[in-house]
Amino acid sequence: MKKSLVFAMAMALGVSATAFAANPFSDVPAGHWAYAAVAKLAAAGIVDGYPDGTYKGDRTMTRYEMAQIIAKALAKGAIGADDKLVSEFADELDNLGVRVAKLEKNADNVRITGTVKASYKESSGGAVNHDKDQARLRTDIFFTGEVNDNWHYVAMLRNQEFFEGQNENGETDTNFQRAYLTGNIGVVKINAGRYNENINDGNTYDTRVDGIKATVPFGDAYFTAEYGKMANKDDVTGAKVGGKDGQSYVDKFWFTELGGTWGNFDMFANYLRADNDIAMGLNGDDNSIWGVGTKYHTGKFGLSAMYLKGDDDTLKGTDYEDADDDGYVVKMTWAGANKANPGSWGLFAQYYDLGAPTVISHTMDGEYDLFKGEGFKGFNVGGNVTVAKNMVAQVNYYDLKGKESDQHARTIWSQLVVSF
């Protein structure tokens with residue numbers, strides 16, 4: 001962060017260097033030269049931190065991040081639509097959906113954004129014994145309402161059209177899928193309601209929950225505690241992957257995580273307790289999943305690894321009671337497509353070796369759920385590119401096989417994402 005930037009924005013809000021406000025960022029301690037200005041900007045809702053509760057002021061700010069600050073300053077009347085900053089960042093503001101010409105001192109309390117995702121996947125291999133090809137158009141509309149400077153209400157409406165595979169006869173479904181409050185109490189970040197949860201980079205879980213989640217930053221670290229119920233009827237039900245019709249995979253769950261960023265390394269350790277787990281062909285016992293992991297990032301390159309350990313009691317009485325109950329994932333990334341920067345691109349590769357008790361609802365688009373009880377191993381490679389502003393194309397190739405059966409499930413998955 002630059003001195004001139006911090007104090008310029010602070011002056012726009014009428015903040016002096018001695019102004020006092022509670023500072024939510026663990027890496028901007030009292031006595032730091034920017035403490036007063038950053039604290040006031042955060043309290044006014046002009047700047048946000050990262051999910052781990054840090055500000056990361058030593059990182060170079062992108063034009064897109066600066067445009068987000070300008071948009072919030074505009075909405076709160078800290079600067080006017082005729083400000084030179086608005087002209088300089090006009091393209092980025094347009095990308096954020098800011099209608100500069102219509103902005104007044106008090107902006108509308110509700111903001112509408114969305115994505116349209118057109119995808120196609122084709123699967124083959126010995127484990128694929130039925131038609132798994134699918135062409136789908138998915139539209140997500142997000143409504144974000146400002147409660148006050150610290151709290152927002154977020155809702156999401158999803159429509160799905162299937163042109164091949166499920167519901168290809170022309171049926172459609174539209175669901176109100178997320179509804180939650182998000183905000184801060186002091187330095188504590190809170191989500192409460194029905195929101196999306198991602199556990200272990202999506203290798204254990206990546207879909208909706210009904211719950212409450214609190215994250216407390218301290219220094220370069222953070223601590224998260226969460227309680228609720230895994231609540232995606234579409235992805236987390238036995239009706240889709242072999243359990244009892246209409247029954248959720250998991251009843252209640254508890255989750256805790258301790259992590260942080262130190263230099264170029266992000267590290268975490270966590271624990272998930274999932275009651276009545278019937279995911280991946282398990283028999284409904286309570287499941288405990290432990291996870292540890294680290295990520296190294298420098299420039300455009302990233303390398304991460306994690307180890308997961310599930311509860312093998314969930315396999316007792318099944319054909320796979322001697323199968324692995326643990327596993328690991330290794331991931332490598334290079335750069336990545338930025339929707340605001342046409343021509344930007346990225347590459348990625350992952351290797352999986354996961355026992356069934358470590359997975360509840362995986363984030364991948366490969367056919368991992370064909371390997372119930374035994375778990376799976378294999379790899380995923382792919383890339384993405386911004387073909388035009390707010391239009392990102394991506395292609396993935398998965399080659400998975402059962403850890404006991406060695407039968408393959410190969411998937412080619414492609415997607416075009418249009419944001420507005």
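Modeller: A polar contact is a pair of N or O atoms within 3.5 Å. The model here is predicted.

Colleague: Which residue's side chain does a polar contact of 2.9 Å join to that of Asn270?

Modeller: Asn270 lies in strand E9, residues 265-274. A separation of 2.9 Å meets the cut-off of within 3.5 Å. The partner joined to Asn270 by this side-chain contact is Glu257.

Colleague: Is Asn270 buried or exposed?

Modeller: Its contacts beyond four places in sequence include Asn200, Phe255, Ile289 and Trp290. Buried means under 20% relative accessible area. Asn270 has 5%, so the term that applies is buried.

Colleague: Why is helix H2 largely enclosed by the rest of the structure?

Modeller: H2 covers residues 35-43. Among its buried residues are Tyr35, Val38 and Leu41. H2 is largely enclosed because, of its nine residues, the number buried is seven.

Colleague: Which residue takes a positive phi near 60° in the hairpin of E5 and E6?

Modeller: E5 and E6 run antiparallel, joined by 11 bridges. Asn196 stands opposite Arg208 in E6. The hairpin has five residues between the strands, and the one with this positive phi is Asn200. Asn270's contacts also include Asn200.

Colleague: How many bridges pair strand E4 with strand E5?

Modeller: E4 spans residues 172-185 and E5 spans residues 188-199. Ala179 stands opposite Arg194 in E5. In their hairpin, Gly186 takes a positive phi near 65°. The two strands pair in the antiparallel sense, and the number of bridges is seven.

Notes:
Residues are numbered from 1 along each chain as its sequence is written. This is a predicted model: local features need pLDDT of at least 70, side-chain atom pairs count only at pLDDT 80 or more; totals for chains, interfaces and linings use all residues. Side-chain values use heavy atoms; hydrogens and water are left out. Helices (H or I, at least four residues) and strands (E, at least two) are DSSP runs, numbered from the N terminus. Buried means under 20% relative accessible area, exposed over 50%, partly exposed in between (1.4 Å probe, protein chains only). A polar contact is a pair of N or O atoms within 3.5 Å; within protein, one must be able to donate a hydrogen and the other to accept it, and residues adjacent in sequence count only if both atoms are side-chain atoms. Contact means heavy atoms within 4.5 Å. Two strands pair if DSSP finds at least two bridges between them.
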